[in-house]
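Please look at the sequence and the structure before reading on.

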Amino acid sequence: MSKIIGLTGGIGSGKTTLATYIESLGIPVFIADDEAKKLVQSAEVLGEIKAIFGETIFENGQLNRQQLAAIVFSNPEKLSQLNGIIHPAVKKQFKIWLDQNQSDPFVVYEAAILFESGSYQNCDYIITITAPFEDRIARVMQRDNSSREQVLNRINAQWTDEQRTAKSNFIIENSDPQNAKSQLDEILKILKIQQNEA
C-alpha cells in the first residue's frame, strides 16, 4: 500500500509549483483541483450543478465558471452545496487513480481544501505550504487576472494557515521558491527514512 502524502496550503501559497517539483522526482501526484475541473465537464456533474444553481450560470450549454465562482465564494451555503457535488466525484476518481499507483511507496494528494473536504482523513502525512499574505494575493491576482476583492473572497472561504498548520505533520514556508524546494527535499528524506524503518 502506498503512503498518501497530503499537500495543501491556501490559494497562492505555491502548491502547484511544489507539486510539479514532486512529480519531477518521480513521485505520482494527484491534483484534486485539476480533476474537479475535468469532472465538471461530465454530464452527470453538470446536471447536478444545473439542478442547484439553475440555467443562468450556463451560456450556450457551457458552464460559466467565473459566474459560478462569483456566486459560491460570496455565499458559504452555495459553496457547501457545490462541494457536496464535487467532493464525492473527486474522491471516487482518486480511488481509481490510487489503485493504478499502488506500486509506489509514496503518492501525493494535492488539494487546496484538503481539510475542508475531509480528504485529510485518508492521508498518512500532511504537508502545509504557507506564504506571506500579500505575496499570495499578488500571485493570484497576476495568475487569474482577479481583483483583490475576488482573491480575498476566496481566501476567506478557506481555512486559515493557523488552522491548517495545527493539523499538519510538516510546514513549508514559501516566500522563496528555491528554499521551499530545499525544505521539501528534507521532508521527503525524513519520510523515506521512516518508511525504511517501518
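**Salt bridges and a buried glutamine**

Lys189 and Glu186 both belong to helix 9 (residues 177-197), three residues apart, about one turn of the helix; helices are DSSP runs of H or I, at least four residues, numbered from the N terminus. The model is predicted, so local features need pLDDT of at least 70 and side-chain atom pairs pLDDT 80 or more, while totals for chains, interfaces and linings use all residues. Residues are numbered from 1 along each chain as its sequence is written, and side-chain values use heavy atoms, without hydrogens and water.

**Salt bridges**

- Side chains of opposite charge can pair when their charged atoms come close.
- Lys189 and Glu186 form a salt bridge, with their closest N and O atoms 3.2 Å apart; the term means a side-chain nitrogen of Lys or Arg within 4 Å of a carboxyl oxygen of Asp or Glu.
- By this rule there are nine salt bridges.
- Another joins the side chains of Lys37 and Asp33 (3.6 Å, N to O), and both residues lie in helix 2 (residues 32-39), four residues apart.
- Arg136, Asp161 and Arg164 are linked in a salt-bridge network.

**Gln158**

- Gln158 sits in the loop between helix 7 (148-156) and helix 8 (161-166).
- Gln158 counts as buried because its relative accessibility is 15%; buried means under 20% relative accessible area, exposed over 50%, partly exposed in between (1.4 Å probe, protein chains only).
- Beyond its neighbours within four places in sequence, Gln158 is in contact (heavy atoms within 4.5 Å) with residues including Ile11, Arg136 and Arg164.

Methods: Helices (H or I, at least four residues) and strands (E, at least two) are DSSP runs, numbered from the N terminus.
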